[in-house]
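Colleague: I have some questions about the terms used for this model. Can we go through them one by one?

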Amino acid sequence: MRKTVLLFGTSIFFISAAASISAQPQNSKKWFTNAAEEAGLSDTSMQNGIWADINGDGWDDLIITGKDGTTKTKVLLNEEKDGKRTFRDFTEESGLAKDPAFPGMERQAAFFTAADINNDGFTDIFSAIYCEYDKPKTDKAGNILKDEAGNIIYEKKDDGLRSQIYLNDGNGHFAQVSGNNFPPETVSSALFMDYDKDGNLDLFTGSWYKEYGISLICYPSRLYKGNGDGTFTDITEKAGLLTKETEGKTDSSRPVYGVSHGDWNNDGYEDIFVSVYGRQANRLWKNNGNGTFTDIAKKTHFDGDEIRHGLYPEWLKSSRQPEKEFRSHGNTFSAAPADYDNDGDLDIFLGEITHGWAGNSSDRSSLLVNGGKKKDFSFTRYPDLLNRVHQHPDNWNQGDMRASWADFDNDGKQDLLLSSGDYPDGQYLRLYSAKKPLVFEEKTELAGFDWESSAGISIADYNNDGCMDIIAGKSWMRMPAEKRQGRVPSPALFLNACDNGNGWLHITLKGKGKGFTAKSPAGTKAILRTGFLFPKRQMRFVKTSHGHSGLADSQRLHFGLGKNKKASLTVEWNSGKAIYRNLPANHFIRITEGNPLPEISEKPFAN
C-alpha cells in the first residue's frame, strides 16, 4: 500500500551538512551495470528511443525505432516479472505501428515525441515520417536523370505516409487523429512546448535537406499551434519563423538535425534552439511573447564559434577551396539545455560531428555558458573542456550526436552524458562530472561503460530506486564486420547502482490545462533549495525534446539532494509561482497546479 503524506506550507528551518562526494560510489564495483539481456532487449534493434509512461502506472516504458531489415517501431511496457523489472512487447496492442490509411502495412516511423497533447492526463505521441520524395536520381557524374518524356526521375516514390498525431486512451492504446495535414518533408526532430502560454501544447518540427547531395536547398522548420484536441494549425509564417528555399542567405532554410526548447533569457516564455547541420549557423529563436519569434543566434553567439575562415588544413593536400562564411560553422545534432552551474541561467551543451580533415573552422562540441542578465544572456563558448584524446593527431572524427544532462550520483550537480558513434576510431558513450564551473572530470571507465558507436540515448529511473538509468542505442554505421556482434544492433540498459547515501526527489508536475498550464507542463520550471547556513539552488524544467531524432529523457523531474534530508520547491506555473516546503528526501512528489498541498509517496504515482 502506498504511504502518502500531505505537508502544509509551514516553514521549518533546518541545518544540513551537505557535502559533495565523488561521482563514483564508495565501493570498488562499477557504477552502472548493463541489464539489457536480463530485461529482454538482447534481440531488439534500437537506434533511437524515448522513455514515456504510456499506461499511467508510474513506470516509464520504452518507445524505440531500430534497423531490423527496415526501420522498425517497438513499444515495450516496463513490467515486473518474478520480482524483477523487464519489458513486454506491446507494439501490436499500442497501435503505433499502424496507420488506418494503409491497413496491413507496418508504419515505420523515424522517431517519436511524447506529451499530453489534448489535456486528458495521458501521454500522446507525434509519430514522425522522414519524407525524402523530392530528391532527383543522379548518375555517377551527378547529372539528374530523366525519363523518355523528359520528366525527372526521383530516388524514392511517395508512399503516402505522413507524420501523424496519435492520442492515448490511458492504457497505452493509440489512435491516429484525423484533421492534421503535415507536409511530406524530411522531418528530423520535433518538440512540444506552449509558446503562447494558453495551456495547449504546440508543436515545432525541424527538417533537413530537400535534395541531399545535389543542392543545399532545405525544407523549412515549422511551428504548429495546438488546438487542444489533437489537431494543429500551421502558423510558421504568422510567427515570423518561415524561411525560404534558397542557399546561404540570412533567411534561407537550413538543414536541421535537432530542436530544443527552454527559457533562455528568464522572461517566462519558451525559446527555440535549432541545431543545424552542413556547417551552417545554428538558430536561436527568441520568443517575443506576442506570438512572434526573432532569430538572435548571432547576437548571443549561439550560431557558431568565431573561427570562420573556412580553410581546410594544409596536410589534406586536396584541391578543396575554402568554404564560404555561411558554411564555416558546425554539424550540430543536439543542443542540451541545463543550468549546469546552478546560477539560475540556462546553459547549453552542443553535440557536433567534427573531423580533423575539416579544419578548425568546423565547430567542436562545446559548452555554452549563459552570461545572464549582466551580459544580455549571451553565451561564452568553451570547446575544450572535455579533454578529448584522438587516436590520430590529424585525421580524426568526433561523432557527438547526442547529449543529455542528469544528476547520476545525486550530489546536486548535473553530469553530462555524451553519446558518440558512427566512426570506428574511438566513439563511445561517455560520462563527465562537473566538479565545479568549467571543470569536468571523465567518469566513463568508473561508470562501467564500454559502449562503442553509441546511438540514441534516453535517461529515466527505470526501476524507480531514485537513481537515474540509461537506455543507449547502437549504430553499426561505418563499423567493421568484427564489431557487429549479434543479429541486430541491440541497445544497452545501464542500471545505476548509486549506492553512496545521497538523497533524491522525483517530481511529477501536473498543470490544470487550457487557460492555465498544460497538463503536460512543457517548459515549466521547478527551483529546488536545500540547506540553511549554506543554501544551494537547483533548477530543472520539463523538456519534451533536445536534439536529433526526438532525443528526450523522462519528463519526471529528478533532483539529487546530497546529504540533505529536506528541500523546498518553487514551481513557476502559468498561473503564478507556488512554493512547497519541507519535502522529505527519497520520495516521489506529485504537484498539481492550484493545489497548495503536494502529494508525497514512497512509491511512484499512477494516474
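Modeller: Go ahead. Keep in mind that this is a predicted model. Let us start with Thr530, which is in strand β31 (residues 525-530).

Colleague: Why is Thr530 called buried?

Modeller: Its relative accessibility is 3%. Buried means under 20%. Therefore Thr530 counts as buried.

Colleague: Which residues are in contact with Thr530, leaving aside its neighbours within four places in sequence?

Modeller: The contacts are Pro535, Lys536, Leu561, Asn564, Lys566 and Ala567. For a contact, heavy atoms must lie within 4.5 Å.

Colleague: On to the rings. How many aromatic pairs does a search of the whole structure find?

Modeller: The search finds 27 aromatic pairs.

Colleague: What makes the pair of Trp51 and Tyr462 tilted?

Modeller: Two values decide. A ring pair is described by the distance of the centres and the angle of the planes. Here the centres of Trp51 and Tyr462 are 5.8 Å apart and the planes stand at 45°. Centres within 6.5 Å make a pair; under 30 degrees is stacked, over 60 is edge-to-face, and the rest are tilted. So Trp51 and Tyr462 form a tilted pair.

Colleague: How do you know that this pair links distant parts of the chain?

Modeller: Trp51 is in strand β3 (residues 48-52), and Tyr462 is in the loop between β27 (454-460) and β28 (469-474). They are 411 residues apart. Both Trp51 and Tyr462 are buried.

Colleague: What is the class of the pair formed by Tyr277 and Phe333?

Modeller: Edge-to-face. The angle between the planes of Tyr277 and Phe333 is 90°, and the cut-off is over 60 degrees. Centre to centre, the distance is 5.8 Å.

Colleague: Why do you say that Tyr277 and Phe333 tie parts together?

Modeller: Tyr277 lies in the loop between β16 (271-276) and β17 (283-287), while Phe333 lies in strand β19 (residues 331-338). The pair therefore ties together parts 56 residues apart in sequence. Tyr277 and Phe333 are buried too.

Colleague: What makes Trp31, Phe32, Phe408, Phe449, Trp451 and Phe494 a cluster?

Modeller: Ring pairs link these residues. Trp451 also has a charge over its ring: the charged end of Lys474, 4.0 Å from the ring centre.

Colleague: Which ring does the charged end of Lys512 sit over?

Modeller: The ring of Phe516, with 4.0 Å to its centre. The distance cut-off is within 6 Å.

Colleague: What makes up the lining of the largest cavity, by element and by class?

Modeller: Two or more residues each come from β3, β7 (111-115), β30 (503-510) and β37 (587-592). β30 gives the largest share, 4 residues. By class, the lining has 15 nonpolar, 12 polar and 7 charged residues.

Colleague: How much space lies in the second largest cavity?

Modeller: About 290 Å³. Its lining has 20 residues; Trp405, Arg540, Lys543, Ser554 and Leu557 lie nearest the centre.

Colleague: Which element gives the most to the lining of the second largest cavity?

Modeller: β32, with 3 residues. At least two residues each come from β19, β23 (397-406), β32 (536-541) and β34 (557-562). The lining of the second largest cavity divides into 10 nonpolar, 4 polar and 6 charged residues.

Technical notes:
Residues are numbered from 1 along each chain as its sequence is written. This is a predicted model: local features need pLDDT of at least 70, side-chain atom pairs count only at pLDDT 80 or more; totals for chains, interfaces and linings use all residues. Side-chain values use heavy atoms; hydrogens and water are left out. Buried means under 20% relative accessible area, exposed over 50%, partly exposed in between (1.4 Å probe, protein chains only). Rings of Phe, Tyr and Trp (its six-membered ring) pair if their centres lie within 6.5 Å; planes under 30 degrees apart count as stacked, over 60 as edge-to-face and the rest as tilted. A charge sits over a ring if NZ of Lys or CZ of Arg is within 6 Å of the ring centre and within 35 degrees of the ring normal. Ala, Val, Leu, Ile, Met, Phe, Trp, Tyr, Cys and Pro count as nonpolar, Asp, Glu, Lys and Arg as charged, and the others, Gly among them, as polar. On a 1 Å grid over the protein atoms alone, a cavity is a set of points where a 1.4 Å probe fits but cannot get out, and a pocket is an open set with protein on both sides within 12 Å along at least five of seven lines; lining residues have an atom within 4 Å of a point. Grid points are joined across faces, edges and corners, and a volume is the space filled by probe spheres set on the points.
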